[in-house]
Amino acid sequence: MAAAMASAAERAVLEEEFKWLLQEEVHAVLKQLQDILKEASHRFALPASGSAGASRQENFVLSTSGTDQVKGVLTLQGDALCQADVNLKMPRNNQLLHFAFREDKQWKLQQIQDARNHVNQAVYLLMNRDVSYQFKTGSEVLKLMDAVMLQLSRARNRLTTPATLTLPEIASSGLAKMFTPALPPDVLVNFYINLNKLCLTVYQLHVLQPSTTKNFKPAGGSILHNPGAMFEFGGQRYEVSHVHKVECVVPWLNDALVFFTVSLQLCQQLKDKISVFSSYWNYRPY
């Protein structure tokens, strides 16, 4: 009898604690998540001082250790490259090529745009459960946390996992038509985000003559193609002879990645707290 009473009392205490968790602590965590993710969203927006809705321009110097074949300066404005000024030293004859974006052109970085959209969607999900909303069950909280974590994981993955592209896809992208003077036919370029870095890859090509004895094997999709990769474009076969990758750190992308990690940890901690209660009784409150 005493054991049964103790068990009932313990259950009552746990139910009160769980009720407090649903009514108080969940909203405290949601508010904390909103604050963090709004900061992350502001990093992507980069508002200019005194300008509503505009984004300031930031200049970044491209560099890498061990080579000076490619040098350049990129101007980033929010999710767009609005200027690119690149020098390429051709290894065959040490000829120096210079090319820059046309004044009327900008290159949208889809990775940044997508990551920002996922962050904003996560904020929207959180704001739909304001302090006046009463969570009735743990399952509601778990469902919300899963939805928020999905958006945050997608946002992080867009920055950490660049798209895999085939060489013909790179050759046919609009990026090739943005430069003045025009890129020579034996040069391909690709911009992408990798973690907190803005990367430029330059591929130098040589034409494969019809009489070549090389076994032609078109390369598949890749983030970074290696020398020797082959492809066909415009009725001509090419082989990559040299690959140059230069990059620059974008500090606010690093901030955003930290915000994603902290937010995902907060979501998981809240899920874990709710799951703990289920281990105390057979009746699952969620």
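So, which residues does Asp79 touch, not counting residues up to four places away in sequence? Have a look at the model while you think about that, and keep in mind that what we have here is a predicted model.

Okay, here's the list: Trp107, Lys108, Leu109, Ile112, Gln113 and Arg116. With Arg116 there is also a polar contact, side chain to side chain, at 3.0 Å. And where does Asp79 sit? You'll find Asp79 in the loop that runs between strand S2, residues 70–77, and strand S3, residues 80–89. Now, is Asp79 buried or exposed? Its relative accessibility is 4%, so we call Asp79 buried.

Let's step back to the whole chain for a moment. It has 286 residues, and buried ones make up 41% of them. You can count five helices and 10 strands. The accessible surface comes to about 15000 Å², and carbon and sulfur atoms account for 52% of that.

Leu81 gives us an example of residues meeting across the sequence. Leu81 is in strand S3, and Trp107 is 26 residues away along the chain, yet their C-alpha atoms are separated by 5.0 Å. Leu81 has a relative accessible area of 0%, so it counts as buried. Setting aside neighbours within four places in sequence, its contacts include Leu74, Phe101, Trp107, Phe191 and Leu198.

Next, the inside. The largest nonpolar core has 68 residues, and among those with the most contacts inside it are Phe44, Met145, Phe191 and Leu200. Apart from that one lies another core of 10 residues, including Ile170, Ala171, Leu205 and Tyr238. Let's zoom in on Leu200. Beyond its neighbours within four places in sequence, Leu200 is in contact with residues including Leu62, Val86, Val189, Phe191 and His244.

That brings us to His244, which sits in strand S10, residues 236–249. What does the side chain of His244 make a polar contact with? The answer is the side chain of Gln204, at 2.6 Å. Leaving out residues up to four places away, His244 also touches Gln69, Val70, Leu88 and Thr201, among others. Its relative accessible area is 9%, and because under 20% means buried, His244 goes in the buried group. Val189 is 55 residues from His244 in sequence, and the two C-alpha atoms are 9.6 Å apart.

A quick word on cysteines. Cys82 is buried at 9% relative accessibility, and Cys267 is buried at 0%.

Last thing: how confident is the predictor? The mean pLDDT of the chain is 84, and 88% of the residues reach 70 or more. Among the elements, helix H3, residues 138–160, has the highest mean, 94, while helix H1, residues 2–45, has the lowest, 79. Then there are a couple of stretches to treat separately. Over residues 47–51 the pLDDT stays under 50, and the model has six contacts there beyond four places in sequence. Over residues 281–286 the pLDDT is below 50 as well, with 15 contacts beyond near neighbours in sequence.

That's my tour, so over to you for questions.

Definitions and conventions
Residues numbered from 1 in each chain as written. Predicted model: local features only at pLDDT ≥ 70, side-chain atom pairs only at ≥ 80, totals over all residues. Heavy atoms only, no water. Buried < 20%, exposed > 50% of the residue type's maximum accessible area, 1.4 Å probe, protein only. Core = buried A, V, L, I, M, F, W, Y, C linked by side-chain atoms within 4.5 Å. Contact = heavy atoms within 4.5 Å. Helix = DSSP H or I, 4+ residues; strand = E, 2+ residues; numbered from the N terminus. Areas by Shrake-Rupley, 256 points an atom, 1.4 Å probe, with all protein chains shown as cover. Polar contact = N/O pair within 3.5 Å; in protein donor to acceptor, adjacent residues only side chain to side chain. pLDDT = per-residue confidence, 0-100.
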